[in-house]
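Biologist: Could you walk me through this one? I'd like to start with the aromatic side chains and then move on to the backbone.

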Amino acid sequence: EYFYREMRRRTGLLMRGDGPEGGQWNFDTENRKALPKGLRPPPRARFEPDEITTEVLSLVATRFANHFGDLTPFGWAVTRNDALMALDHFITHCLPSFGTYQDAMKTGEDFLYHSLISPYLNLGLLTPREVCATAEAAYQSGQAPINAAEGFIRQILGWREFVRGIYWAEMPEYGTSNHLNATRDLPALYWTGDTPMRCMAECISTTRRHAYAHHIQRLMVTGNFALLAGVVPAQIEEWYLAVYADAFEWVELPNVHGMVMHADGGRLGSKPYAASGAYIDRMSDYCQGCAFDPKIKLGPKACPFNYLYWNFLIENAAVLRSNPRLSLPYGTLAKMPAEQRADITRSAAVFLAGLG
């Protein structure tokens, strides 16, 4: 947050004199709504493969037919002009609602209001400064509200630049830590999508189709599961690097190592982003029709995220209990009867042993 504020001052983006536009630095509390029923995000600009791209798709189909991911439909921009068109489409049709629904997830809506420009930024087809300036201009012209423009600019000017700084300042030692001593191999379901957990199946399916999933799908579903299951950080980092079109090590590794897996002990983020099934239920429709129920805490119908969450806190209490941002859940855990805690650890052990 303080880095972000300094970057706002340094660049002048969304500044009014010495203070922030809109009277506050951060409008994140306005950007956490689930998608209302009946609201349909606009169709997205996608691009037909050009001749070179078609040749590459054919080569990949021939040499790597059994690898993860679908080759068709391919709709990513591969030129500067098309990337600019994609940016313009986002600013015009999606930015106004981006902020409000940026944390939402919905079955069959792979893109929602997200920008889909991270591959173009990371490949160099767009520059971060021009993207932020375009979003700021949309706010200044009344095309987008402040919570949307600020939330979008913060993702780039604040978070993306902060992650880049962590990587260049602290690698290669940064990537070798394993603060929570996670030892589980990456479950095969990350490659197959074969799981009765509908949220995981949906996010992995989206990833397979588009080499894309938005940040909440990555952080709070596939990432959250890896954290709670105790997956070896290097293995889940390798998966993220392999499956996403925007994944370059400088941006992927700190995000997964620090934010997703808390493997850096809090260097990048001050607490693990661990959550139970209640969060996924609140922010998505994935739990509807799932084999598990997020409202059930234990037993065969319970959402695995529920007992995995509490088991994660139990297993890592020696390391995490003193974290002030986790005082509330650890306070709840302290009040749990010993029998309930034993049921949690037993349920988690049975489930994790069955992952393969």
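Modeller: Bear in mind that this is a predicted model.

Biologist: Are tryptophan 159 and phenylalanine 162 buried, exposed or partly exposed?

Modeller: Tryptophan 159 is partly exposed, with a relative accessible area of 26%, and phenylalanine 162 also counts as partly exposed, at 23% relative accessibility.

Biologist: What about phenylalanine 225 and phenylalanine 305, how are their rings arranged?

Modeller: Their ring centres lie 5.8 Å apart with the planes at 65°, so the pair of phenylalanine 225 and phenylalanine 305 is edge-to-face. This pair links distant parts of the chain, since phenylalanine 225 belongs to helix α10 and phenylalanine 305 to helix α14, 80 residues apart.

Biologist: And are those two buried or exposed?

Modeller: Both phenylalanine 225 and phenylalanine 305 are buried. They also belong to one aromatic cluster, whose members include Phe68, Trp191, Trp239, Tyr244 and Phe351.

Biologist: How many aromatic pairs turn up in the whole structure?

Modeller: A search of the whole structure gives 21 aromatic pairs. One of them is formed by tryptophan 159 and phenylalanine 162, whose ring centres are 6.0 Å apart and whose planes meet at 40°, so that pair is tilted.

Biologist: Which charged ends sit over rings?

Modeller: The charged end of arginine 218 sits over the ring of tyrosine 244, 3.9 Å from its centre, and the ring of tryptophan 76 has the charged end of arginine 46 over it, 4.5 Å from the ring centre.

Biologist: Switching to the backbone, where are the cis peptide bonds?

Modeller: One joins threonine 72 and proline 73, with omega about -5°, and proline 73 lies in the loop between α2 and α3. Another runs from methionine 171 to proline 172, with omega near 5°, and proline 172 lies in the loop between α7 and α8.

Biologist: Which residues have a positive phi although they are not glycine?

Modeller: Leucine 116 has a phi of about 60° and sits in the loop between α4 and α5, while alanine 211, with a phi of about 55°, is found in the loop between α9 and α10.

Biologist: Buried or partly exposed, those two?

Modeller: Leucine 116 is buried, because its relative accessible area of 6% falls under the 20% cut-off, whereas alanine 211 counts as partly exposed at 25% relative accessibility.

Note on methods: Residues numbered from 1 in each chain as written. Predicted model: local features only at pLDDT ≥ 70, side-chain atom pairs only at ≥ 80, totals over all residues. Heavy atoms only, no water. Helix = DSSP H or I, 4+ residues; strand = E, 2+ residues; numbered from the N terminus. Buried < 20%, exposed > 50% of the residue type's maximum accessible area, 1.4 Å probe, protein only. Phe/Tyr/Trp six-rings, centres within 6.5 Å; stacked < 30°, edge-to-face > 60°. Lys NZ or Arg CZ within 6 Å of the ring centre and 35° of its normal.
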